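Student: I would like to work through this model with you, one question at a time. Could you show it to me before we begin?

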Amino acid sequence: MSVASLDARASRRRMWRLPIRDSWAVRIALFIVALLAIAAIAAPWIAPYDPDAVDLARRLQSPSLSHWLGTDHLGRDELSRLIYGTRVSLGSVALSIVLILALAIAVGGLSGYMGGRIDQAIMRFCDCFLAFPTIVLALFLIGILGTGMVNVIIAIALSHFAWYARMVRGLVLSFRQRDFVLASRAAGASRVRVFFEHLFPAIMAQMIVLATLDIGHMMLHVAGLSFLGLGVQPPTAEWGVMIGDARPFVWSMPMLILWPGLALLLSVMAFNILGDAVRDRLDPSLHGDHQH
Amino acid sequence: MAGFILRRLLLLIPILLGVSILMFVILRMAPGDPAVAYLKLSSIPPTPSAVAEARQTLGLDRPILAQYVSWLSNAVQGDFGVSHVTRRPVIDDILHYLPATLQLAGAALLFTLIVSVPLGIWSARYKDRWPDQLVRAFAFVGVSTPNFWLGFLLVLLFSLTLKWLPPMGKGGWQHMIMPVLAVSFMSLAINARLLRASMLETASARHVLYARLRGLGDRQVERSHILRNALLPIVTATGMHVGELLGGTLVIESVFGWPGIGRYAVSAIYSRDFPVIQCFTLFLVTIFVVCNLLVDILYAWLDPRIRLNAEAAI
């Protein structure tokens with residue numbers, strides 16, 4: 001292959017990258033994600049105050065040396081609440097993704113492996129889920145299950161898994177007839193063994209790409225539902241809850257709305273950059289906007 | 001083409017039936033007795049006899065299949081039951097609130113298309129130069145911005161600081177500007193990005209090279225040979241955006257006090273008013289599915305490869 005055509009290919013692949021040169025954008029994104037992870041894990045040690053400690057004498061304070069980002073309407077330390085909020089955001093999305101992958105691999109794998117009528121039935125079942133706009137399905141499920149963090153996780157998982165299940169099925173179908181799988185079967189490996197040794201790793205790689213691209217999107221869902229009062233419930237420190245809590249003070253203390261929103265924006269951005277980077281690295285064939 | 005449309009229309013029926021069955025099953029499988037929820041909303045203490053009576057009134061004592069069939073036959077006639085909270089027929093409330101939501105979501109869809117297409121074209125035309133960098137930076141921020149938060153930022157800027165626009169409520173066109181911006185921001189960014197990529201991909205196709213070899217000018221090639229093909233993915237994406245825009249509208253209504261179905265649904269979800277939740281969901285799914293059907297038809301009409309195949313298949 002000539003140098004010129006290699007160059008053309010490289011520039012075509014660069015086309016999807018960010019406006020900033022990708023290496024340092026990805027590095028910043030990794031840095032932000034690392035910060036978020038540390039904040040989530042080490043919240044009790046990093047946060048200067050108890051996020052739920054009410055101190056009405058110090059309500060609605062501007063940023064100061066003792067309260068770097070000020071205090072909210074109940075005198076709770078804004079920075080501490082932001083830090084604890086990381087836990088809820090990352091934790092709920094992580095659990096949703098685990099649930100989605102488990103459901104999708106079970107349902108999609110079964111569908112692709114069994115084929116025939118069972119496959120058809122499962123796919124029509126998934127079509128029903130796909131007929132909902134994701135947020136509408138999430139709202140419906142929360143309406144049935146009730147509000148709260150666990151139910152939000154279930155709602156997010158059930159409103160997304162069908163997309164993944166369909167993808168898993170497609171992958172199973174495309175791998176089933178590949179030489180390495182056929183060879184393994186011919187050598188006497190059982191179906192289950194073939195699945196876990198050959199199909200599972202390949203499927204997982206693709207699923208991780210998809211899931212990384214979706215993290216930001218799901219974080220927005222969790223925050224949006226909590227903002228509406230349907231997700232994580234106050235007084236839990238969660239970014240959407242914090243924005244909802246600060247609404248009456250949008251005139252007097254707009255900063256209380258700015259901080260959690262900014263935290264959300266930066267995290268979603270970081271995960272989106274990372275998602276693009278992971279996609280480019282692990283799976284150059286998946287391009288175009290992945291979206292629901 | 002007529003056959004294609006008819007077939008797609010008929011496909012709507014099993015999908016909507018499937019969705020309604022799915023909803024019914026989830027509703028009945030959910031933890032908690034609907035009869036108890038009903039009594040709570042009516043502020044009647046759930047004594048065993050009251051629960052038994054409520055089960056009978058709500059028809060919960062009958063087999064689930066019979067319940068579904070009677071629900072379905074009522075629903076087909078436009079009877080979705082009575083709200084446990086307001087005691088009014090659910091359908092009346094839904095039809096009362098729905099137009100405002102559709103107005104906002106429709107305006108947002110229109111705005112998305114009107115703005116994102118020029119942005120995408122501009123970005124692709126000046127690839128890697130400053131207009132492109134600008135659009136990509138905007139698109140990048142756009143896909144990551146929480147819409148309800150953006151709503152507050154807009155209120156802070158345009159209502160509180162500049163005092164140009166009313167912060168809340170529904171009235172003249174001024175009331176629509178900020179909600180439409182907040183709802184459409186993300187779809188707009190995704191669309192602009194998508195069109196840019198699609199145009200650049202089409203630009204390297206052979207028919208474009210041939211058009212250039214024939215000596216056509218840049219603009220003419222762009223208009224009649226690149227854009228027409230590049231718009232196809234945008235048509236498909238629009239079907240998806242309808243879902244996002246509807247969902248976004250539900251959230252944004254609460255920020256701007258827009259009197260749509262979102263706020264009504266949120267209060268119903270909060271009080272677990274099942275007939276309302278069921279009817280609201282079914283309506284939004286129907287709108288979403290019908291919009292996607294329209295998109296499919298439009299796509300087939302725009303792309304002769306699909307149109308002719310569909311005709312051949314009949």
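Student: From the N terminus on, in what order do the elements of chain A run?

Tutor: This is a predicted model, in which local features need a pLDDT of at least 70 and side-chain atom pairs count only at pLDDT 80 or more, while totals for chains, interfaces and linings use all residues. Residues are numbered from 1 along each chain as its sequence is written, and chains are lettered from A and ligands numbered from 1 in the order in which they are written. Helices (H or I, at least four residues) and strands (E, at least two) are DSSP runs numbered from the N terminus, and chain A has ten helices and zero strands. Its elements therefore follow the order α-α-α-α-α-α-α-α-α-α.

Student: How many helices does chain B have?

Tutor: The pattern read along the sequence of chain B is α-α-α-α-α-α-α-α-α-α-α-α-α, and its C-alpha trace spans about 85 × 60 × 30 Å along the principal axes. With zero strands, the count of helices in chain B is 13.

Student: Which element gives the largest share of the side of chain A that touches chain B?

Tutor: Two residues are in contact if their C-beta atoms, placed from the backbone, lie within 7 Å, and the contact between the chains takes 43 residues from chain A and 46 residues from chain B. On the side of chain A, the elements that give two or more residues are helix H4 (116-130), helix H5 (134-145), helix H8 (191-227) and helix H10 (255-282) of chain A. The largest share, nine residues, comes from H5(A).

Student: Which residues have the most contacts inside the largest nonpolar core?

Tutor: A nonpolar core is a set of buried Ala, Val, Leu, Ile, Met, Phe, Trp, Tyr and Cys residues joined through C-beta atoms within 7 Å, and the largest one here has 152 residues. H8(A) gives the most to this core, with 15 residues. Leaving aside neighbours within four places in sequence, Tyr164(A) is in contact with residues including Ile100(A), Leu101(A) and Met207(A). The residues with the most contacts inside the core are Tyr164(A) and Phe280(B).

Student: Why does Met218(A) count as buried?

Tutor: Met218(A) lies in helix H8 of chain A and, apart from neighbours within four places in sequence, is in contact with Val93(A), Ser96(A) and Ile156(A). A residue is buried if 20 or more other C-beta atoms, placed from the backbone, lie within 10 Å of its own, exposed if 12 or fewer, and partly exposed in between. Met218(A) is buried because the number of other C-beta atoms within 10 Å is 25.

Student: What is the count of buried residues in helix H9 of chain B?

Tutor: Of the 314 residues of chain B, 37% count as buried, but helix H9 (residues 206-213) of chain B is hardly covered. H9(B) is followed by Gly215(B), whose phi is positive, near 90 degrees. Among the eight residues of H9(B), the count of buried residues is zero.
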